Amino acid sequence: MATFSKIYSFRSFLASNSFCNCNTSINCYTINHHVDLTLDTVIQKIQHEIDILRQLPNEKAFGKQAIFLADILNLVESVQNLLVQNSEPGAVLHSLSRQTEQVNEPAEYFLTEEIRKYVRIKPNRLKKQNFMGANGTFTSIGHACFSMKSELEEYMDYDVGEMCNDDWRLAQKLMVHGCDPLPRRRCFARAPQLYNKPYPINESIWKLPDDKNVRWSQYRCKNFTCLARNSSVKGFFKCTDCFNLTHHESPRWIVHSYQDANSEMTADILIAEVLNLKPGEIRIGLDFSVGTGTFAARMREHNVTIVSATINLGAPFNEMIALRGLIPLYMTINQRLPFFDNTLDLIHTTRFLDGWIDFVLLDFVLYDFDRVLRPGGLIWIDSFFCLKEELNDYLEAFKILRYKQHKWLVVPKIDKDDSEVFFSAVLEKPPRPFR
């Protein structure tokens, strides 16, 4: 490294793809070849030092020094790979690897070193395409991260190998505002101080979890009893009774819980009604809602596996779902669904996609639902509510998918003086011929 520093600034390695501005010159080839051999020597020496450190008894000292050496090793290997790519006329480069675009590389925008290391391109160590067909790893962050620079740099300000800050709310704020995906971090996530074994699965589904298994510092309520109590000021308004497993959650989707007194109509659709539309065909699905996993719990009784997607809006929704023995998926509405095309049997949503949502965003969300839903799969819109004068616009958004309508219900929302309505539907994705 000392030898290199006499000739090149180390930063210049990251800012250029080549060590000379020629393509066919013999002298250029000789210089590149000499640099490549020198890089190989440096890499071997660093790897040798890491091997020696592994044999030391002091694990903590090994960890810090090894991380330092590994960072240097990655940077040197990045230079070597760029040199190889530049010398091979047929090499395929990512756009961010091209010299003309280096000035605008995302890493240069941030000051915190951990962000810079994360977003830089990581070339493959074998100097060829990997099994995924890429010549490197291109770690990404959400585009809005650039407009939330100070918040992201605060999030990435930590000591490598130590405990992370208690900053999940900052992380969620970044996600909700479009800085999503967030960068990975090299620190240990904080856990509850005294974590107890979860209850057995036959108990956990309908029993409030142990309070010790949640970090409560960022919540208004400090235990599950507070969340389940009707009189509590809980810090969230969506799904205010979701933690009341006995009286509120237990009857849901089993019996009708909402009914308009005048028309005797209900927006509630029962699980049995939906499963009877496709006997034996509904096996896996997604619940994209705000809740504590009760829909997944009820579907489990019918041997249907449901993944529950939600965020922690003022309460530990994800922890609650997991402690009940169900599968939480921590994601915002900003994200593309992490499922492959035509794979799910069912998508259910309630208390989330309502009249607050922009029509264009709703369009993108519904087409993403369509993407992951298999032909013959079902979308279950459960008690979507909006202003009465906007109902037709929202209904047109759902009709544009051209799905078969198994159920289509519009019911007045009685607590809003006839100004709002509920809409519920079960829609089937049609087969579409390949063109």
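I'm taking a salt bridge to be a side-chain nitrogen of Lys or Arg within 4 Å of a carboxyl oxygen of Asp or Glu. This is a predicted model, so I keep that in mind throughout.

**Salt bridges**

I looked up arginine 120 and glutamate 113 to begin with. Their side chains meet in a salt bridge at 3.9 Å, N to O. I checked burial too: arginine 120 has 9% relative accessibility, so I have it down as buried, while glutamate 113 is partly exposed at 39%.

Next I went to aspartate 166 and arginine 215, which pair up at 2.4 Å, N to O. This pair links distant parts of the chain, 49 residues apart. Aspartate 166 sits in the loop between helix 6 (149–155) and helix 7 (168–176), and arginine 215 in the loop between helix 8 (201–204) and helix 9 (224–228). Aspartate 166 comes out partly exposed at 30%, and arginine 215 is partly exposed as well, at 24%.

For the whole structure I noted 19 salt bridges.

**Helices 14 and 15**

I turned to helix 14 (residues 359–372) and helix 15 (residues 391–399), whose axes come within 10 Å and cross at roughly 25°. That makes the two helices roughly parallel, and I logged their crossing as right-handed. Phe359, Leu362 and Leu366 of helix 14 make the contact with Asp393, Tyr394, Ala397 and Phe398 of helix 15. I sorted these contact residues into six nonpolar, no polar and one charged.

Conventions:
Residues are numbered from 1 along each chain as its sequence is written. This is a predicted model: local features need pLDDT of at least 70, side-chain atom pairs count only at pLDDT 80 or more; totals for chains, interfaces and linings use all residues. Side-chain values use heavy atoms; hydrogens and water are left out. Axes are lines fitted to C-alpha atoms, for helices over the stretch in contact, and angles run from 0 to 180 degrees between N-to-C directions. Helices (H or I, at least four residues) and strands (E, at least two) are DSSP runs, numbered from the N terminus. Angles under 35 degrees count as roughly parallel, over 145 as roughly antiparallel, 65 to 115 as roughly perpendicular and the rest as oblique. A crossing is left-handed if the near helix is turned anticlockwise from the far one by less than a right angle, and right-handed if clockwise. Contact means heavy atoms within 4.5 Å. Ala, Val, Leu, Ile, Met, Phe, Trp, Tyr, Cys and Pro count as nonpolar, Asp, Glu, Lys and Arg as charged, and the others, Gly among them, as polar. Buried means under 20% relative accessible area, exposed over 50%, partly exposed in between (1.4 Å probe, protein chains only).
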